[in-house]
Amino acid sequence: MEGESVRTFAARAAGAGGVPLLKLSFTGWVTDERYFRASGLVKAPVRPGDNGAMDAPNPLEQALHAARALVLADLAARDVAEADVVSLVEDAVTHRRWWVEQWPEGAAYVAGLVAQDVQDALLERYGRWPLCPVCDQGDPHALEVEPELGPDPRWVCAKAGVVIAPVGGLR
Ligand SMILES: [Zn+2]
């Protein structure tokens with residue numbers, strides 16, 4: 001079922017003319033911007049009314065809100081929830097709001113994606129995050145989110161092949 005969703009997503013993305021996919025090989029927001037520009041997506045019209053009435057929370061906003069809370073909890077657990085880092089999370093949430101509006105079925109994937117976005121942004125500005133707590137030999141390495149695109153994302157150590165915690169559950 002998960003695989004089927006991914007395929008559906010890929011098909012939709014292709015049909016939509018290149019909605020950026022999955023893990024996104026972005027190394028940061030600059031690259032991100034470039035990608036959108038290159039693909040012509042920046043021409044996508046901004047719908048008036050997006051800033052309009054604050055209705056009851058919709059599922060997309062709930063998913064975004066949950067994603068923000070989970071990633072902030074993980075940042076706090078590792079003592080990196082500083083003001084400028086929090087703004088990285090806000091940037092990621094804003095970006096993924098756009099993404100999930102294009103593909104509402106992806107709402108369950110937002111937490112994992114925001115975690116990866118923040119991880120990528122931190123890598124450029126601060127370094128690896130979150131560090132693996134189980135590998136004590138060799139260079140410290142970062143945990144990875146699995147699935148990269150799917151529900152119930154978890155932090156895993158790819159080296160040891162173990163699940164460390166759900167996203168939002170780091171200690
Ligand atoms: Zn490890």
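Visitor: What spacing do the donors of the zinc ion follow along the chain?
Guide: The spacing is C-x2-C-x5-H-x15-C. Residues are numbered from 1 along each chain as its sequence is written, and side-chain values use heavy atoms, leaving out hydrogens and water.

Visitor: What makes Cys 132, Cys 135, His 141 and Cys 157 donors of the zinc ion?
Guide: A donor is an N, O or S atom within 2.8 Å of the metal (3.2 Å for Na, K and Ca), and sites may look incomplete because water is not among the atoms. SG of Cys 132, Cys 135 and Cys 157 and NE2 of His 141 lie 2.1 to 2.2 Å from the zinc ion, so they meet the cut-off.

Visitor: Why is the arrangement around the zinc ion called tetrahedral?
Guide: Four donors count as tetrahedral if all angles lie between 85 and 135 degrees. The 4 donor atoms here subtend angles of 102 to 114 degrees, and the arrangement is therefore tetrahedral.

Visitor: Why does His 141 count as buried, and why does Cys 157?
Guide: Buried means under 20% relative accessible area, exposed over 50% and partly exposed in between (1.4 Å probe, protein chains only). His 141 has 14% relative accessibility and Cys 157 has 1%, so each counts as buried.

Visitor: What makes strand 1 and strand 2 a pair?
Guide: Strands are DSSP runs of E with at least two residues, and helices are runs of H or I with at least four, numbered from the N terminus. Two strands pair if DSSP finds at least two bridges between them. Strand 1 and strand 2 have 3 bridges and run antiparallel, with Glu 146 opposite Arg 154. Strand 2 is joined to strand 3 (residues 162–166) by 4 bridges, also in the antiparallel sense.

Visitor: Which residues have pLDDT under 50?
Guide: Residues 1–46 stay under 50, while the mean pLDDT of the chain is 77. Where pLDDT is low, predicted coordinates should not be read in detail.

Note on methods: Predicted model: local features only at pLDDT ≥ 70, side-chain atom pairs only at ≥ 80, totals over all residues. Tetrahedral: all angles 85-135°; square planar, octahedral: opposite > 155°, others 65-115°. pLDDT = per-residue confidence, 0-100. Contact = heavy atoms within 4.5 Å.
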